[in-house]
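Subject: Structure for you to look over

Dear colleague,

I am passing on the structure we spoke about, followed by an account of what was found in it. Please read the notes with the model open beside you.

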Amino acid sequence: ADRGEAGAPPPAADANGDQQPAEDVRICRGRSQINVDEDMLATILYHLESPRGLSINWKETPVLVTEPTRHSKPYREKITQILFETFQVNACYVAKSAVLATYASGRTTALTLDIGANHSTAVAVTDGFANQKTVQEYPVGGNLLEDELAKILTQKRKSVHPQFAYKKTVTDGSEKYDKQDISKVHESYRDLAIREQLRRVKEQQCRVADDDKLVDSVTGLPGAPFVLPDGTEIETDPFQYRLPERLLRPELFSEQEEIYGFPGLPRMLVDVLHCAPLETRKELLNAIVVTGGGSCFQGLPERMEKMMLHNDYMGPNLRFKVIASPQPNERKFSTWIGGSILASLGSFQQLWISKHEWDEGRGATVERKCA
């Protein structure tokens, strides 16, 4: 977030943890998964070293950086250049997100599927190395599902507003929702708050059906409706199944050109396996790791396993095991957990790239030392 006034306090949070808007705040998003947004990265790092951040002394702090699974030499070279030349860090290492997610599962070899906000990526990780020949990546993730949910709610004539756009009061057991003036709140901040509401609907109301019959049913899940900020209720509805079903049956997406040939999660795994060396396939099948915030739908790992068994994706005689943490937060933050595990290993300490090594070899040193 950019602030209009240096040193101004961040937006306050209400009792529900929702950010209350300030007029001088706007939201800036990264432009690409591969291209480095230098200004945004520098802003974050400057904030972390400030008293309002974590008061980090970068000259005394080694930094472990994650990078996208699909290899990009310019990306990692630019990241390390900023860290070493602008912030003078004493050591740095760059690790691929899928490799760290594999470590978080307690393994060094796995067929890892990471469903993130903007992309779904599958890759064969062998002995801690991501095989670039096996990478399958599509622009399908949690954000695209939220866009689909917004279209569904629009068709139902239900409007989604920021949490701070209405104020709820209860008088004598009667609820009242008063509309607030948010005209001075930056549009980018309003959009972020609306997406947060869509995320809550998606995570609280949706789950993956056990089979196709439930997806095509006309009744939704039993349970309490979701209440939008203006008091509108979203009742249990078949979209609760059909929204996450798009990850398995991509023909359900409303805009096919947005998914760039996305074949569905089970087919992605098969495509990775077919690209992996024959001698590694058995070990990969024994550890199909499903991770990422987009994988937290209840029933997703079980349904994927069922589809791969009954649709003959893997062949009649192949055994495989789908692994997913039962804790949603562990799936969301698996890359952070894996990074913590990696950095704590005694054998890892020799892998750090020092400032001296960077000065001597720059990008070539990063390519040599970072798998």
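Leaving aside its neighbours within four places in sequence, which residues is Thr 134 in contact with? Before the answer, please bear in mind that this is a predicted model. With those neighbours set aside, the contacts of Thr 134 are Ala 122, Val 123, Ala 124, Val 272, Cys 275 and Ala 276. Thr 134 itself is found in the loop between β7 (129-130) and β8 (136-138), and because its relative accessibility is 0%, under the 20% cut-off, Thr 134 counts as buried.

As for the chain as a whole, there are 14 helices and 15 strands, and 44% of the 371 residues count as buried. The accessible surface comes to about 19,400 Å², with 49% of that belonging to carbon and sulfur atoms.

Strand β5 (residues 110-115) is mostly covered, six of its six residues being buried. The cover extends to both faces, with Ala 110, Thr 112 and Asp 114 buried on one side and Leu 111, Leu 113 and Ile 115 buried on the other. In general, strands of a sheet pair through backbone hydrogen bonds, in either a parallel or an antiparallel sense. β5 runs antiparallel to strand β6 (residues 120-126), to which six bridges join it, and the two form a hairpin with four residues between them; within this pairing, Ala 110 has Val 125 of β6 as its bridge partner. β5 also pairs with strand β13 (residues 288-291), here in the parallel sense and over four bridges, and in that pairing Asp 114 is partnered by Thr 291 of β13.

A second hairpin is made by β9 and β10, with two residues between the strands, and in it Asp 172 takes a positive phi near 50 degrees.

Elsewhere, three strands form an open sheet of mixed pairing, in the order β3-β4-β15. The strands at its edges, each pairing on one side only, are β3 (63-67) and β15 (353-354). Five bridges connect β3 with strand β4 (residues 91-96) in the parallel sense, and Val 65 stands opposite Val 94 in β4. Helix α2 (residues 73-86) lies across β3, β4 and β15, and runs at about 155 degrees to β4.

Two helix pairs may also be of interest to you. Helix α3 (residues 97-104) packs with helix α12 (residues 334-344) at an angle of about 75 degrees, their axes being 7 Å apart, so that α3 is roughly perpendicular to α12. On the α3 side the contact is made by Ser 97, Leu 100, Ala 101, Tyr 103 and Ala 104, and on the α12 side by Ser 334, Thr 335, Ile 337, Gly 338, Gly 339, Ile 341 and Leu 342. By class, the residues of this contact divide into seven nonpolar, five polar and no charged.

The other pair is helix α4 (residues 142-155) and helix α5 (residues 187-205), which pack at an angle of about 90 degrees with their axes 9 Å apart, and are therefore roughly perpendicular to each other. From α4 the contact draws on Gly 142, Asn 143, Leu 145, Glu 146, Asp 147, Leu 149, Ala 150 and Leu 153, and from α5 on Arg 195, Leu 198, Arg 199, Val 201 and Lys 202. The contact of α4 with α5 has six nonpolar, two polar and five charged residues.

In sequence Asp 237 and Pro 225 are 12 residues apart, and in space they are 9.5 Å apart, C-alpha to C-alpha.

With best wishes

Conventions. Residues are numbered from 1 along each chain as its sequence is written. This is a predicted model: local features need pLDDT of at least 70, side-chain atom pairs count only at pLDDT 80 or more; totals for chains, interfaces and linings use all residues. Side-chain values use heavy atoms; hydrogens and water are left out. Two strands pair if DSSP finds at least two bridges between them. Axes are lines fitted to C-alpha atoms, for helices over the stretch in contact, and angles run from 0 to 180 degrees between N-to-C directions. Angles under 35 degrees count as roughly parallel, over 145 as roughly antiparallel, 65 to 115 as roughly perpendicular and the rest as oblique. Contact means heavy atoms within 4.5 Å. Ala, Val, Leu, Ile, Met, Phe, Trp, Tyr, Cys and Pro count as nonpolar, Asp, Glu, Lys and Arg as charged, and the others, Gly among them, as polar. Buried means under 20% relative accessible area, exposed over 50%, partly exposed in between (1.4 Å probe, protein chains only). Accessible areas come from the Shrake-Rupley method with a 1.4 Å probe; for residues, only the protein chains shown count as cover.
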